[in-house]
Amino acid sequence: YWDGLQLLSRNGAKLSAPTWFTEGLPTDLHLDGELIGDHNEYQATSKIVQSFAGGDEQWQKLTYEVFDAPSLDIPFEKRLERV
C-alpha cells in the first residue's frame, strides 16, 4: 500500500524501499497494489521486501503493480482509469 509517503505492508509495517523505487509515485494519492518479483519466486520477493536484502540491486527485480486508488472518492471503475 502506498500512502503518499511510503510503502506499507498489508499489516501496516513500513517497507524499506529505495528512494528511486518510489520516486514516481504520487504524493497526493493512496495506491493499493502488490510488489511483484520473478514468476514463482514468492519467497525471494518476500525476503527482499522484508529485510531489504541485497539493497538496491535486489529491488531492481521488483515492480509495484497498482490495482486501486482507494483515496479517490469516485466509483471503482473510474479509479481504475486513474491508475
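Are F21 and W59 buried or exposed? Both F21 and W59 are buried. Before going on, a reminder that what you see above is a predicted model.

I will start with the aromatic rings. A pair of aromatic rings is described by the distance of the centres and the angle of the planes. Two aromatic pairs are counted here. One of them joins W20 and F21, with 5.7 Å from centre to centre and 70° between the planes, an edge-to-face arrangement. W20 has a relative accessibility of 36%, so this residue counts as partly exposed. F21 has a relative accessible area of 13%, which falls under the 20% cut-off, and therefore F21 is buried.

F21 also pairs with W59. Their ring centres lie 4.9 Å apart and the planes meet at 75°; because the angle is over 60 degrees, this pair is edge-to-face. F21 belongs to helix α1, residues 19-22, and W59 to helix α3, residues 55-59. Taken together, W20, F21 and W59 make up one aromatic cluster.

The largest pocket holds about 560 Å³ of space. Its lining consists of 24 residues, and R10, E34, L35, Y42 and V49 are the ones nearest the centre. What kinds of residues line the largest pocket? Eleven are nonpolar, eight are polar and five are charged.

Terms used:
Residues are numbered from 1 along each chain as its sequence is written. This is a predicted model: local features need pLDDT of at least 70, side-chain atom pairs count only at pLDDT 80 or more; totals for chains, interfaces and linings use all residues. Side-chain values use heavy atoms; hydrogens and water are left out. Rings of Phe, Tyr and Trp (its six-membered ring) pair if their centres lie within 6.5 Å; planes under 30 degrees apart count as stacked, over 60 as edge-to-face and the rest as tilted. Buried means under 20% relative accessible area, exposed over 50%, partly exposed in between (1.4 Å probe, protein chains only). Helices (H or I, at least four residues) and strands (E, at least two) are DSSP runs, numbered from the N terminus. On a 1 Å grid over the protein atoms alone, a cavity is a set of points where a 1.4 Å probe fits but cannot get out, and a pocket is an open set with protein on both sides within 12 Å along at least five of seven lines; lining residues have an atom within 4 Å of a point. Grid points are joined across faces, edges and corners, and a volume is the space filled by probe spheres set on the points. Ala, Val, Leu, Ile, Met, Phe, Trp, Tyr, Cys and Pro count as nonpolar, Asp, Glu, Lys and Arg as charged, and the others, Gly among them, as polar.
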